[in-house]
Amino acid sequence: MKQSIAVAKANSLEAVNLPELNQVTGNTNGKSLVFKEARTSLERNPKACLGLANSILDYFEDDLAALQLNGEALAALNQDDKAIQVWKELTHSQNEKINQKASQLITESLVKRAKAISKRKSPKSALFFFVEEHLTNNIIPTLNEDVKALLKQLEPTDMEPIDPELQSHQLQLQFNTFVIECLERQRRRKGLL
């Protein structure tokens with residue numbers, strides 16, 4: 001608890017959930033209070049959040065929630081590669097909730113990067129990046145609203161609006177084609193095709 005209070009002060013964090021050091025007793029659930037403080041500080045002070053999450057991990061190195069939060073703080077500090085490495089480990093967790101959340105966070109991070117690639121290069125480059133990164137991290141790439149927006153940029157249609165269900169199926173087919181292309185590219189690079 002002492003370390004966490006020091007981390008909060010060093011990061012100029014006005015701690016809401018951490019007690020003063022002289023108020024800590026044997027009955028104080030320090031880990032829970034530190035986690036709560038880290039979670040509430042994520043948006044306003046990600047550096048402090050990272051320090052608090054790390055202070056939990058110093059004593060409970062396999063704490064899944066603290067590891068997940070550690071990744072979220074790294075992502076908030078624009079250290080996406082490090083965040084993905086943390087979350088990638090969590091995708092192998094036996095805890096299904098943590099496993100799914102880690103996959104979701106990786107996808108969100110990759111979507112953010114794909115959007116930036118789309119602006120710099122092209123929607124096609126962004127989609128290849130998105131799918132290939134998922135495959136590299138052994139995560140099944142899924143179609144979401146952000147990916148649909150990238151797909152729609154590939155072949156903008158001037159036709160009258162089509163049935164939403166049909167459009168959804170077309171986008172899924174187009175996405176599946178991208179996934180297959182990426183798998184084939186990976187296999188070619190490995191000399192398997």
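**Close-up views of helix packing and a connecting loop**

**View A. Packing of helix H7 against helix H9.** Helix H7 (residues 123-136) packs with helix H9 (residues 164-189) at an angle of about 65 degrees, and their axes lie 9 Å apart. The model shown in this and the following views is predicted. H7 passes H9 in a right-handed crossing. From H7, the residues Lys124, Leu127, Phe128, Phe130, Val131, Glu132, Leu135 and Thr136 meet Phe175, Phe178, Val179, Glu181, Cys182, Leu183, Arg185, Gln186 and Arg189 of H9. Sorted by class, this contact of H7 with H9 holds ten nonpolar, two polar and five charged residues.

**View B. Packing of helix H5 against helix H6.** The axes of H5 and H6 are 8 Å apart, and the two helices pack at an angle of about 155 degrees. Because angles over 145 degrees count as roughly antiparallel, H5 is described as roughly antiparallel to H6. The crossing in which H5 passes H6 is left-handed. On the H5 side, Asp80, Asp81, Ile84, Trp87, Lys88 and Leu90 take part, and they meet Ile98, Asn99, Ala102, Leu105, Ile106, Ser109, Leu110, Lys112 and Arg113 in H6. The contact of H5 with H6 comprises eight nonpolar, two polar and five charged residues.

**View C. Thr91 in the loop between helices H5 and H6.** Thr91 is found in the loop that lies between helix H5 (80-90) and helix H6 (96-120). Its relative accessibility is 12%, and because buried means under 20%, Thr91 counts as buried. Leaving aside residues up to four places away in sequence, Thr91 touches Asn99, Ala102, Ser103, Ile106 and Ile139.

Key
Residues are numbered from 1 along each chain as its sequence is written. This is a predicted model: local features need pLDDT of at least 70, side-chain atom pairs count only at pLDDT 80 or more; totals for chains, interfaces and linings use all residues. Side-chain values use heavy atoms; hydrogens and water are left out. Helices (H or I, at least four residues) and strands (E, at least two) are DSSP runs, numbered from the N terminus. Buried means under 20% relative accessible area, exposed over 50%, partly exposed in between (1.4 Å probe, protein chains only). Contact means heavy atoms within 4.5 Å. Axes are lines fitted to C-alpha atoms, for helices over the stretch in contact, and angles run from 0 to 180 degrees between N-to-C directions. Angles under 35 degrees count as roughly parallel, over 145 as roughly antiparallel, 65 to 115 as roughly perpendicular and the rest as oblique. A crossing is left-handed if the near helix is turned anticlockwise from the far one by less than a right angle, and right-handed if clockwise. Ala, Val, Leu, Ile, Met, Phe, Trp, Tyr, Cys and Pro count as nonpolar, Asp, Glu, Lys and Arg as charged, and the others, Gly among them, as polar.
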